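Please look at the sequence together with the model displayed below, and keep both at hand while reading.

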Amino acid sequence: MEEEITAWFHTHIPDEWFIEPPDVQVDRDEIVVIGTLAEPDATDDEDSEASRRAAWKRQIKAFREATRQQRIRIAEEAEAGLDRKVSWGARCGGLTLLFTHLSIPAMTRLRMRERKVLDTLVETGVARSRSDALAWCVRLVGKHQDAWLAELREALTAVERVREQGPTA
């Protein structure tokens with residue numbers, strides 16, 4: 001399904017928006033579309049990293065404003081047909097900004113030992129709340145276990161393929 005959704009966006013997004021096909025990320029609740037913009041022409045005063053970041057940010061902001069109505073129209077059409085919310089972002093140079101995105105609550109049951117981990121992160125200022133601490137932990141695992149998670153996703157894809165080929169009722 002993810003391939004079909006990606007293909008849908010690649011055919012509905014104007015080619016002139018991005019310098020390469022957009023990155024389309026999909027889960028059960030949301031589709032995030034992040035496109036790469038051309039870097040702005042550098043000026044003499046943009047030699048520092050801070051000035052380059054500011055130029056990238058201006059480029060992304062200008063794109064966001066210029067495409068707002070079309071992005072809304074594309075998102076509404078996608079949401080109606082794909083039953084997921086659509087969020088947008090853009091990448092320019094070394095900067096990626098998300099314009100909109102969902103923050104989905106995830107109910108979990110934790111024992112005291114796990115709650116103490118979250119509370120330690122909150123008490124030390126690493127996180128603002130237990131929810132923020134849990135999100136931080138998930139990001140950390142995702143960052144350090146990418147290969148393992150990719151292998152799990154591949155295995156899930158294989159299972160889905162076998163299910164689709166299975167007997168019909």
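The model is a predicted one, in which local features need pLDDT of at least 70 and side-chain atom pairs count only at pLDDT 80 or more, while totals for chains, interfaces and linings use all residues. Residues are numbered from 1 along each chain as its sequence is written, and side-chain values use heavy atoms, with hydrogens and water left out.

**The nonpolar core**

A nonpolar core is here a set of buried Ala, Val, Leu, Ile, Met, Phe, Trp, Tyr and Cys residues joined through side-chain atoms within 4.5 Å, where buried means under 20% relative accessible area, exposed over 50% and partly exposed in between, for a 1.4 Å probe and protein chains only. The largest such core has 24 residues, and the members that touch the most others are F9, I13, I31, V86 and W88. Two or more residues each come from α1 (2-12), β1 (23-26), β2 (30-36), α2 (49-82) and β3 (85-92), and α2 gives the most, with seven residues. These elements are DSSP runs numbered from the N terminus, with helices being H or I of at least four residues and strands E of at least two.

With neighbours within four places in sequence left aside, I13 is in contact (heavy atoms within 4.5 Å) with F18, P22, V33, I74 and W88. P22 lies in the loop between α1 and β1 and is buried, with a relative accessible area of 10%. Under the same exclusion of sequence neighbours within four places, P22 is in contact with H10, I13, V33, I34 and G35.

**Two helix pairs**

Two packed helices are described by the angle between their axes and the distance between the axes. The axes are lines fitted to C-alpha atoms, for helices over the stretch in contact, and the angles run from 0 to 180 degrees between N-to-C directions.

α1 and α2 pack at about 150°, with their axes 11 Å apart, which makes α1 roughly antiparallel to α2. Angles under 35 degrees count as roughly parallel, over 145 as roughly antiparallel, 65 to 115 as roughly perpendicular and the rest as oblique. On the α1 side the contact is made by I5, W8, F9 and H12, and on the α2 side by I74, E77, A78 and L82.

Helix α3 (residues 112-123) and helix α4 (residues 130-144) cross at roughly 105°, their axes coming within 9 Å, and α3 and α4 are therefore roughly perpendicular to each other. This contact is made by R115, L118, D119, L121 and V122 of α3 together with R130, A133, L134, W136 and C137 of α4.

**Individual residues**

D83 is found in the loop between α2 and β3, and its phi is near 55°, a positive value in a residue other than glycine. D83 is exposed, with a relative accessible area of 69%.

| Pair | Separation in sequence | Separation in space |
|---|---|---|
| P22 and E4 | 18 residues | 14 Å |
| K143 and V26 | 117 residues | 18 Å |
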